[in-house]
Amino acid sequence: MNTPPAPPPQPPPGVERTDGSSVQIGALVPLTRPGWGEAGRHLLAGLELGIGEVNEAGGIGGRPLELVVRDTAADPQRAAAAVDELARLGVAALVGEYHSVVARAAAARADALGLPFLCSSAVLDALTEEPTEWVARLSPPQSRGWQIYADFLLGAGHARIAVAAQPSVYWASGVRILRDYLAPRGGTVIELDMGALTPTAVCDELVDNRATALLLLVGHPEPAVSVVKSVRRDQRLAEVMIGAPAGQPEFAEWATLLGDDGTAIPFLRYLPERLSPLGARVETALRERLAEAPSFVAFEGYDTVAVLADVLRPHGADRARTAESWPRVAVEGTRGRIHFSRTPGISVWQWAWPPIQVVDRDPAEPDRFRVLHAG
């Protein structure tokens with residue numbers, strides 16, 4: 001009697017497989033310095049949770065979905081090389097990335113290779129130089145989020161706003177968005193070059209320019225942490241609000257490094273005021289996986305897989321048909337129903353209405369977030 005051999009055991013999500021039986025998805029994630037490793041860890045947790053649930057439900061046409069993870073370390077060249085490698089390995093699509101300048105390099109390479117890329121968490125408006133059919137994005141464009149942040153600043157009575165900025169396409173774009181939006185509404189943006197100023201010198205500039213708010217358009221943990229400590233300890237600046245539109249205070253490391261000094265610093269977060277039943281279930285699962293409260297980045301990771309699995313189920317790993325499917329997406333995600341459209345001024349397929357909040361850490365309870373404004 002001939003007994004057929006048992007099928008090989010499936011590897012856990014994130015483990016690479018080489019026998020060709022899975023549908024492989026390339027994942028770009030910042031896991032090591034100078035990348036923001038905590039954001040990468042949350043993004044990967046969401047991706048892996050989504051992969052596990054897809055496979056429990058039967059995978060893609062009976063084939064398991066599998067992540068092939070590459071650490072970008074916030075390096076655009078490293079990310080572009082990873083896209084080349086993953087394309088050669090035969091991945092069906094590319095997902096992930098948190099850092100905008102890295103996602104831009106990955107998107108350009110994916111577009112050139114004809115590899116579908118569903119960007120999870122990067123917000124730079126110009127993700128590609130020219131319109132492309134190959135790239136879609138879940139996170140809101142920087143222009144929309146930072147304009148909502150500018151509305152919050154004006155509503156809170158801040159018209160003279162200093163920005164401590166480092167050289168970067170992303171930070172330069174943020175400064176331009178703020179200046180263009182605030183100037184017609186009576187606001188002034190004063191740019192402080194962090195390539196030339198120490199944290200102490202930043203304090204002097206704030207006094208000299210009579211700024212009522214300081215926005216941190218700088219890297220984490222440094223120089224962001226040092227700037228916050230200097231401003232908080234300067235008695236001349238007791239009434240100055242510190243803000244971080246890019247979201248540095250979202251993660252636990254911020255509270256660990258700064259303690260009470262890290263509270264009452266408003267930032268952008270892409271979550272609804274109240275999670276749906278799906279969102280609440282996923283939040284519980286992510287909390288168990290991460291052993292801490294999940295950030296919005298973890299939800300973005302989960303939603304990425306939910307969308308991509310829905311796109312892949314009808315036709316498997318056909319890259320061209322995946323890219324053709326972006327405008328037909330209609331998926332219930334953890335933060336709302338996801339559709340992609342062509343948004344004016346945005347070169348990729350864009351989820352037009354992800355939720356956006358301005359929140360901060362509550363000084364009375366630093367692990368609790370207060371919603372200050374929503375858009």
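1. A residue is called buried when its relative accessible area is under 20%, exposed when it is over 50%, and partly exposed in between (1.4 Å probe, protein chains only). Cys119 counts as buried because its relative accessibility is 0%. Cys203 is buried too, because its value is 3%. Across the protein, buried residues make up 55% of the 375 residues.

2. A word on the ground rules: this is a predicted model, where local features need pLDDT of at least 70, side-chain atom pairs count only at pLDDT 80 or more, and totals for chains, interfaces and linings use all residues. Residues are numbered from 1 along each chain as its sequence is written, and side-chain values use heavy atoms, with hydrogens and water left out.

3. How many disulfides does a search of the whole structure find? It finds zero, taking a disulfide as a pair of cysteine sulfur atoms within 2.5 Å.

4. On the fold, you will see eleven helices and 16 strands; these are DSSP runs, with helices being H or I of at least four residues and strands E of at least two, numbered from the N terminus.

5. Now the overall dimensions. The radius of gyration, taken over C-alpha atoms, is 21 Å, which agrees with the value near 21 Å for a compact globule of 375 residues. That globule rule is 2.2 Å times the number of residues to the power 0.38. Along the principal axes, the C-alpha atoms fill a box of roughly 90 × 40 × 35 Å.

6. Of the contacts (heavy atoms within 4.5 Å) with a separation of 6 or more, 69% join residues 24 or more positions apart.
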